[in-house]
Amino acid sequence: MPVAPRPVVRPLAVNDDVAGVPCPACGTPNPPDRRFCRRCATPLTPSTAAAPLPWWRTVWPFRRRTRAGSGRMVRFLVVLTVVLALCAAGFLLLPAGRHLVQDALDKLGKAKAVTPTRVRASAELPGHPVGQSTDGLSNRYWGAPGPGTSATYTFGKPFRLVAVIVTNGASPAPEEYAKQGRALRIDMEVTDRDGATVHKKLVLSDKPGPQTFPTGISDATTIRLTLEEPAGSAPQGPLALAEVEFFQRS
């Protein structure tokens, strides 16, 4: 088949007498109204490159360039939702965070004994008043008529209750300990300065000597101990509690 001849490109004569802006590529002067060079077609007015977006604009929904307020409401709603979620999370986690801080301070600080200003019992045996449970002597005891008897300890000012030490029975001596009934569980009710109460069960081992119970309760003003679960030869008989010690964070 016959082959069509290839077109021949003839150079266009350029009038060099034209005065105007020279082409940035070939230097040919061009009239002021031209947008492209009349010799090499290079743009005479190149568009300015857009400035790069800041890093926070690269995250959805901020990454789009908007015009005339397009998308601003979506961004506002997203930001508002994130702020409300953070506030809700902080409100829910605040009590847990405060508890962790107080617990860490309890472990880092030192504990010191605090003495109640008043002690009263719902019942007591003659010769064994409830005051003997806080006199610092473990060979004297508070005698309770039976299970369900309680003792209330009142303190002069609120304090952080970090631990309670209980010396159960009539004495730390094994032979004296076995002669009297004793409670193997104590219900502790702590009342703070605002009137709120915290309950804690103290489960005691049936053995003589002091037993320590960590607590971690803030602003304690009143502590009530109720003797439960009696042990000994006479389960429904009198119960002995030699000593109770309360400790605060120094």
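In strand β9, isoleucine 223 is the bridge partner of valine 190. Isoleucine 223 of β9 is also the bridge partner of tyrosine 153. The model is predicted, so local features require a pLDDT of at least 70 and side-chain atom pairs count only at pLDDT 80 or more, while totals for chains, interfaces and linings use all residues. Residues are numbered from 1 along each chain as its sequence is written, and side-chain values use heavy atoms, with hydrogens and water left out.

**Overall architecture**

- The protein contains two helices and 10 strands; helices (H or I, at least four residues) and strands (E, at least two) are DSSP runs, numbered from the N terminus.
- Read from the N terminus, the order of elements is β-β-α-β-β-β-β-α-β-β-β-β.
- Of the 250 residues, 32% count as buried; buried means under 20% relative accessible area, exposed means over 50%, and partly exposed lies in between (1.4 Å probe, protein chains only).
- Among contacts between residues at least 6 apart in sequence, 64% join residues at least 24 apart; a contact means heavy atoms within 4.5 Å.

**Strand pairing around β9**

- Strand β9 covers residues 210-231.
- β6 and β9 pair in the antiparallel sense over 12 bridges; two strands pair if DSSP finds at least two bridges between them.
- β7 and β9 also run antiparallel, and 10 bridges join them.
- Isoleucine 223 touches residues that include Tyr153, Val190, Met188, Leu161 and Phe246, when residues up to four places away in sequence are not counted.

**Nonpolar core**

- The largest nonpolar core has 27 residues; such a core is a set of buried Ala, Val, Leu, Ile, Met, Phe, Trp, Tyr and Cys residues joined through side-chain atoms within 4.5 Å.
- The residues with the most contacts inside this core are Tyr153, Leu161, Val166, Ile186, Ile223, Leu227 and Phe246.
- At least two residues of this core come from each of β5 (142-144), β6 (150-168), β7 (182-192), β9 and β10 (239-249).
- Strand β6 provides the largest share of this core, with seven residues.
- In soluble globular proteins, nonpolar side chains tend to be buried together.

- Threonine 154 lies in strand β6 and counts as buried because its relative accessible area is 17%.
- Apart from neighbours within four places in sequence, threonine 154 is in contact with Pro116, Thr117, Arg118, Thr221 and Thr222.
- Glutamine 211 belongs to strand β9 and counts as buried because its relative accessibility is 7%.
- With neighbours within four places in sequence set aside, glutamine 211 contacts Val164, Ile165, Val166, Leu204 and Ser205.
- A polar atom of the glutamine 211 side chain lies 2.9 Å from the backbone nitrogen of serine 205.
- Glutamine 211 and valine 164 are 47 residues apart along the chain, and their C-alpha atoms are separated by 8.3 Å.

**Backbone with positive phi**

- Aspartate 219, although not a glycine, has a positive phi of about 55°.
- Aspartate 219 is found in β9 and counts as partly exposed because its relative accessibility is 30%.
- Glutamate 229, also not a glycine, has a positive phi of about 50°.
- Glutamate 229 is likewise placed in β9 and counts as partly exposed because its relative accessibility is 42%.

**Cysteines**

- The structure holds zero disulfides; a disulfide is a pair of cysteine sulfur atoms within 2.5 Å.
- The cysteine sulfur closest to that of cysteine 37 belongs to cysteine 23 and is 3.6 Å away, which is too far for a bond.
- Cysteine 40 is in no disulfide, and its nearest cysteine sulfur, that of cysteine 23, is 3.5 Å away.
- Cysteine 37 is buried, with a relative accessible area of 4%, whereas cysteine 40 is partly exposed at 34%.

How values were computed: A polar contact is a pair of N or O atoms within 3.5 Å; within protein, one must be able to donate a hydrogen and the other to accept it, and residues adjacent in sequence count only if both atoms are side-chain atoms.
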